[in-house]
Amino acid sequence: NGGNKVDKIDRFSINNIRKEYLNFFKSKGHLTEQSFSLIPKNDKSLLLIGAGMAPLKKYFTGAEIPPAKRMATCQKCVRTGDVENVGLTARHLTFFEMLGNFSFGDYFKNEAIVWAWELLTDVLKIDKDRLWVTVYLEDDEAENIWHTKVGIPMEKIVRLGKDDNFWELEVGPSGPCSEIYFDRGADKGCGKEGCTVGCDCDRFIEVWNLVFTQFDRQEDMTYLPLKSKNIDTGMGLERLACVMQGVDNIFEVDTIRSVLNHVCDISGTKYGSDYKKDVSIRVITDHCRSASMMVS
């Protein structure tokens with residue numbers, strides 16, 4: 001049994017999951033690229049790269065021709081918007097890696113949805129019964145694909161509004177999105193009646209966001225159809241590893257836990273014995289990772 005446990009950890013290690021993801025989309029005709037730098041290139045609107053699509057914006061807007069119509073990356077990202085939640089929740093980090101597959105005027109909703117399901121359930125072998133999806137309130141097409149082509153029961157497809165399921169900037173490419181959630185179990189939830197996808201507790205963890213970029217938002221808040229519809233997806237590698245490795249907290253996945261253990265060794269503390277100290281250990285672990293990546 002001990003040997004099987006080691007095999008499972010290796011099989012679902014962060015490095016292995018990253019490789020599985022990129023190889024899968026390579027088999028679907030995608031050009032797979034190494035992560036771009038955390039420092040944006042020729043983009044004064046960003047201080048740091050915070051999403052997989054950020055280094056590819058010029059391809060989405062049509063300002064430059066992409067090297068391929070289908071691409072996939074595992075992009076290093078830093079986001080500080082949730083910094084106050086780091087260490088307190090089971091899922092927040094400031095530095096993370098984002099898996100993403102992108103289409104520039106090639107495939108659209110059908111392929112993006114079907115391939116996402118194929119990767120999660122056939123390749124990574126995640127239990128179908130523990131997966132839920134959300135779609136934008138008005139996106140009948142995405143709901144229909146999830147239900148009729150993938151086979152997800154209607155009761156596990158949740159329609160949400162603009163705040164949750166519509167991606168946009170002030171102006172430019174925008175569109176509805178569909179998110180895939182993993183149900184960690186009722187014992188991980190808040191216990192409130194009606195707790196479901198969209199609750200702030202740690203029961204339902206979002207693992208993948210599929211963005212269907214089909215509109216060009218104007219300054220007057222109108223939405224014009226894009227000549228070329230695009231796909232932009234993002235899946236947190238560490239969150240996916242949390243699901244795959246069956247751990248309760250993102251700080252317990254293999255590579256992050258090794259940093260956490262080193263923090264404990266240096267500080268002479270034991271993780272799991274004192275809640276306040278545990279929060280501090282997680283914060284230090286997160287900030288060490290982010291600072292190291294930003295410096296590099």
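Reader: Which residues is Asn 101 in contact with, leaving aside neighbours within four places in sequence?
Author: In this predicted model, Asn 101 is in contact with Tyr 21, Phe 25, His 30, Met 71, Ala 72, Tyr 107, Trp 208, Ile 231, Asp 232 and Thr 233.

Reader: Where does Asn 101 lie?
Author: Asn 101 is part of strand β3.

Reader: Buried or exposed?
Author: Asn 101 has a relative accessible area of 1%. The cut-off for buried is under 20%, so Asn 101 counts as buried.

Reader: Which side chains does the side chain of Asn 101 make polar contacts with?
Author: One is Tyr 107, joined to Asn 101 by a side-chain polar contact of 3.0 Å. Another is the side chain of Thr 233, at 2.7 Å.

Reader: Switching to α9. How many residues does α9 have?
Author: Helix α9 has 21 residues, 275-295. From its first C-alpha to its last it reaches 30 Å, close to the 30 Å expected at 1.5 Å a residue.

Reader: Which residues in α9 are buried?
Author: Asp 278, Val 279, Ile 281, Arg 282, Thr 285, Asp 286, Arg 289 and Ser 290. They cover an arc of only 165° around the axis, so they sit on the same side of α9.

Reader: What covers the buried residues of α9?
Author: The cover includes β3 (95-104), α7 (237-245) and α8 (254-267). Strand β3 is also where Asn 101 lies.

Reader: And which exposed residues are on the face turned away from the buried side?
Author: That face of α9 carries Lys 276 and Val 295.

Reader: What happens at the start of α9?
Author: A side-chain oxygen of Asp 274 comes to within 3.1 Å of the backbone nitrogen of Lys 276.

Reader: Back to asparagines. Where is Asn 249?
Author: Asn 249 is in the loop between α7 and α8. Its relative accessibility is 10%, so Asn 249 counts as buried too.

Reader: What does Asn 249 touch, not counting residues up to four places away in sequence?
Author: Thr 89, Ala 90, Arg 184, Cys 242 and Arg 282. Arg 282 is one of the buried residues in α9.

Reader: New topic, cavities. How many of 30 Å³ or more?
Author: The count comes to 1. About 50 Å³ of space lies in the largest cavity.

Reader: Which residues line the largest cavity?
Author: Ala 90, Arg 91, Arg 184, Asp 202, Ile 205, Cys 242 and Asp 248. Among them, Ala 90, Arg 184 and Cys 242 are also touched by Asn 249.

Technical notes
Residues are numbered from 1 along each chain as its sequence is written. This is a predicted model: local features need pLDDT of at least 70, side-chain atom pairs count only at pLDDT 80 or more; totals for chains, interfaces and linings use all residues. Side-chain values use heavy atoms; hydrogens and water are left out. Helices (H or I, at least four residues) and strands (E, at least two) are DSSP runs, numbered from the N terminus. The expected span of a helix is 1.5 Å times one less than its number of residues. Buried means under 20% relative accessible area, exposed over 50%, partly exposed in between (1.4 Å probe, protein chains only). The arc is that of the directions from the helix axis to the C-beta atoms. Contact means heavy atoms within 4.5 Å. A polar contact is a pair of N or O atoms within 3.5 Å; within protein, one must be able to donate a hydrogen and the other to accept it, and residues adjacent in sequence count only if both atoms are side-chain atoms. On a 1 Å grid over the protein atoms alone, a cavity is a set of points where a 1.4 Å probe fits but cannot get out, and a pocket is an open set with protein on both sides within 12 Å along at least five of seven lines; lining residues have an atom within 4 Å of a point. Grid points are joined across faces, edges and corners, and a volume is the space filled by probe spheres set on the points.
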